Amino acid sequence: MVFVLLLAVVPVSAQKKKSGKAAKPQKVLKEPKEPKVLKPIYIFGIAASFTDTVVYYTDIQLLDSVHLNGHGFLPQRELYSYQLKNYLEYDKQIPNRTCMVYFANNRKDLDKQYAKVMNKYKKSSDQVVELIDPKEFQFKKPEY
């Protein structure tokens, strides 16, 4: 037995209100404009695994000439997570890590977040926290 569901798609311009007038199209949210001034961003990373008790982390690092978008997010932030993941997998032969990055354009705000995250991991008696040497790993702005 086969069931088929057919849906009719009608463009917004073809829809009519009861009064006979065409329905107004809904407003589309515009992407906020990118700021033209590039400012430094502070960033740190955490790499954890569900199968290992060691949690790796970086110190807070400064990234020059990067900006947050209009929503306050770091553009292409997943690439920074992949930088940390690739470093651990290929340079240190430590596979299967879930990497997270935290960022802010204000050092004081990121210091608070850093302390909060690190206290969470350090309080856990079944996890070991290990610093990644800043001389060996630094986040880099992705090239487009």
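S65 lies in strand β3, which spans residues 61-66, in what is a predicted model. The phi angle of S65 is near 55°, a positive value in a residue other than glycine, and S65 counts as partly exposed at 39% relative accessibility. A positive phi of about 55° is also found at Q76, again not a glycine; Q76 sits in the loop between β3 and α1 and is partly exposed, with a relative accessible area of 31%.

Helix α1 covers residues 77-91 and includes S81, which counts as buried because its relative accessibility of 16% falls under the 20% cut-off. Apart from neighbours within four places in sequence, S81 is in contact with C99, M100 and V101.

Helix α2 comprises 17 residues, 107-123, and its first and last C-alpha atoms are 24 Å apart, close to the 24 Å expected at 1.5 Å a residue. Its buried residues are L110, Y114, V117, M118 and Y121; viewed down the axis of α2, they fall within an arc of 95° and so line one face of the helix. An α-helix has 3.6 residues a turn, so residues three or four places apart point the same way. The buried residues of α2 pack against β1 (39-48), β2 (54-57), β4 (98-104) and β5 (128-131), whereas the face turned away from the buried side carries the exposed residues K108, K112, K116, K120 and K123. The N-terminal end of α2 is capped by N106, a side-chain oxygen of which lies 2.9 Å from the backbone nitrogen of K108.

The model contains four salt bridges, among them the following pairs.

| Salt bridge | Closest N to O distance |
|---|---|
| D111 and R107 | 3.1 Å |

D52 is partly exposed, with a relative accessible area of 30%, while R97 is buried at 4%.

K92 counts as partly exposed at 37% relative accessibility, as does E136 at 44%.

D111 and R107, by contrast, are four residues apart in helix α2 and are therefore separated by about one helical turn. D111 is partly exposed, with a relative accessible area of 34%, and R107 is partly exposed at 38%.

How values were computed: Residues numbered from 1 in each chain as written. Predicted model: local features only at pLDDT ≥ 70, side-chain atom pairs only at ≥ 80, totals over all residues. Heavy atoms only, no water. Helix = DSSP H or I, 4+ residues; strand = E, 2+ residues; numbered from the N terminus. Expected span 1.5 Å × (residues − 1). Buried < 20%, exposed > 50% of the residue type's maximum accessible area, 1.4 Å probe, protein only. Arc of directions from axis to C-beta. Contact = heavy atoms within 4.5 Å. Polar contact = N/O pair within 3.5 Å; in protein donor to acceptor, adjacent residues only side chain to side chain. Salt bridge = Lys/Arg side-chain N within 4 Å of Asp/Glu carboxyl O.
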